[in-house]
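Please open the model in your viewer and keep the selection panel at hand.

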Amino acid sequence: MDTELDMSVLNLLSYGMYVVAAKSGDQLNGQIVNTIFQITASPPRIAVSINKENLTHELITQSGIFSVSILEEATPLGFIGRFGFRSGRELDKLSAVKHLRGIERCPIVVDNALAYLEVKVIDHVDVGTHTIFIGEVKRAKNLQEGTPLTYAYYHQVKGGKTSKRAATYIPPITEPPPATGEEGKYRCEVCGWIYDPEKGDPEHGIAPGTAFEDIPDEWICPVCGASKSQFTPI
Ligand code: FE
């Protein structure tokens with residue numbers, strides 16, 4: 001029997017990018033999920049895998065309802081970072097984001113969304129680190145025309161990273177060797193995003209050609225919101 005397990009093969013599986021949101025009592029939260037798929041057509045049912053440590057897991061377990069916002073290709077990295085790398089236990093993620101209220105006032109994120117689903121949980125499966133929630137789609141609505149963001153596009157074109165809590169996270173086998181031409185580059189220890197002085201961060205006022213040392217202290221990682229002090233030189 002061939003026992004070889006090449007984890008990188010799992011990187012070839014295809015996914016989309018979504019915000020799953022839920023509420024319990026007065027607490028609202030949302031998180032990035034790539035592991036969502038339709039499991040039956042009639043009735044329309046979907047499954048989603050959520051890390052048990054996440055606040056959203058707690059809220060879905062308590063309320064039995066969640067929404068799924070289907071993100072558009074142009075979604076900024078900072079938006080994904082807010083929902084993908086920050087915890088709802090330390091940041092009110094929905095406060096600065098346009099959202100509606102659906103069934104039982106469950107929040108639905110509409111910023112950067114092409115469409116959304118409202119889902120009622122009908123079953124769940126404990127799969128260890130994660131729970132698979134199985135739900136019936138109660139409402140589905142289009143918001144705008146566009147191309148949905150795929151997981152591959154997020155990684156390959158946008159340079160996005162995967163949270164350690166994601167169902168599809170694969171730990172690096174070794175630290176990547178320091179390549180030539182990396183001088184002056186700094187890596188975010190939270191999300192892995194790399195600051196390249198040649199490119200700067202023009203979206204956030206850092207002009208191309210700005211050395212890392214010259215970036216103002218209040219600047220934060222454009223992907224996950226980590227502070228400048230959480231960057232280390234490559
Ligand atoms: Fe970061």
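The stops that follow go from a metal site to the cores and then to the paired strands.

Keep in mind throughout that this is a predicted model.

**Stop 1: the iron ion**

Select the iron ion together with Cys188, Cys191, Cys221 and Cys224, whose SG atoms are its protein donors and lie 2.3 to 2.4 Å from it. If you display the angles among the 4 donor atoms, you will find values of 102 to 115 degrees, and the site is tetrahedral. For comparison, the ideal angle for four tetrahedral donors is 109.5 degrees. Along the sequence these donor residues follow the spacing C-x2-C-x29-C-x2-C. The site links distant parts of the chain, with Cys188 in strand S10 (residues 186–188) and Cys221 in the loop between strand S11 (194–195) and strand S12 (231–233), 33 residues apart.

Are Cys188 and Cys221 buried or exposed? Cys188 has a relative accessibility of 1% and therefore counts as buried, and Cys221, at 2%, counts as buried too. While cysteines are on display, select Cys106 as well, which is buried with a relative accessible area of 4%. A search for disulfides will return 0 in this structure.

**Stop 2: the largest nonpolar core**

Next, select Trp193, Tyr195, Cys221 and Phe231, which, of the 30 residues in the largest nonpolar core, touch the most other members. Strand S2, helix H2, helix H3 and strand S10 each supply at least two residues of this core, and H2 gives the most to it, with 4 residues.

A second, separate core of 17 residues can be highlighted in another colour, and Val20, Ala22, Val33 and Val68 are among its members.

**Stop 3: helix H2**

Now select helix H2 (residues 77–84), in which Leu77, Phe79, Ile80, Gly81 and Phe83 are buried. If you then show what surrounds them, you will see that the buried residues of H2 pack against S1, S2, S5, strand S7 (107–109) and helix H3 (151–156).

**Stop 4: strand S1 and its two partners**

Select strand S1 (residues 18–24), which is mostly covered, with 6 of its 7 residues buried. Strand S2 (residues 27–33) runs antiparallel to S1 and is joined to it by 7 bridges, and within this pairing Ala21 stands opposite Gly30. The hairpin of S1 and S2 has 2 residues between the strands, and there Gly25 takes a positive phi near 60 degrees.

S1 also pairs in the antiparallel sense with strand S5 (residues 65–71), over 4 bridges. Here the bridge partner of Val20 is Val68, and both residues belong to the second core.

**Stop 5**

Finish at the hairpin of S8 and S9, which has 3 residues between the strands and where Gly128 takes a positive phi near 100 degrees.

Notes:
Residues numbered from 1 in each chain as written. Predicted model: local features only at pLDDT ≥ 70, side-chain atom pairs only at ≥ 80, totals over all residues. Heavy atoms only, no water. Donors = N, O, S within 2.8 Å, 3.2 Å for Na, K, Ca; no water. Tetrahedral: all angles 85-135°; square planar, octahedral: opposite > 155°, others 65-115°. Buried < 20%, exposed > 50% of the residue type's maximum accessible area, 1.4 Å probe, protein only. Pairing = 2+ DSSP bridges. Disulfide = S-S within 2.5 Å. Contact = heavy atoms within 4.5 Å. Core = buried A, V, L, I, M, F, W, Y, C linked by side-chain atoms within 4.5 Å.
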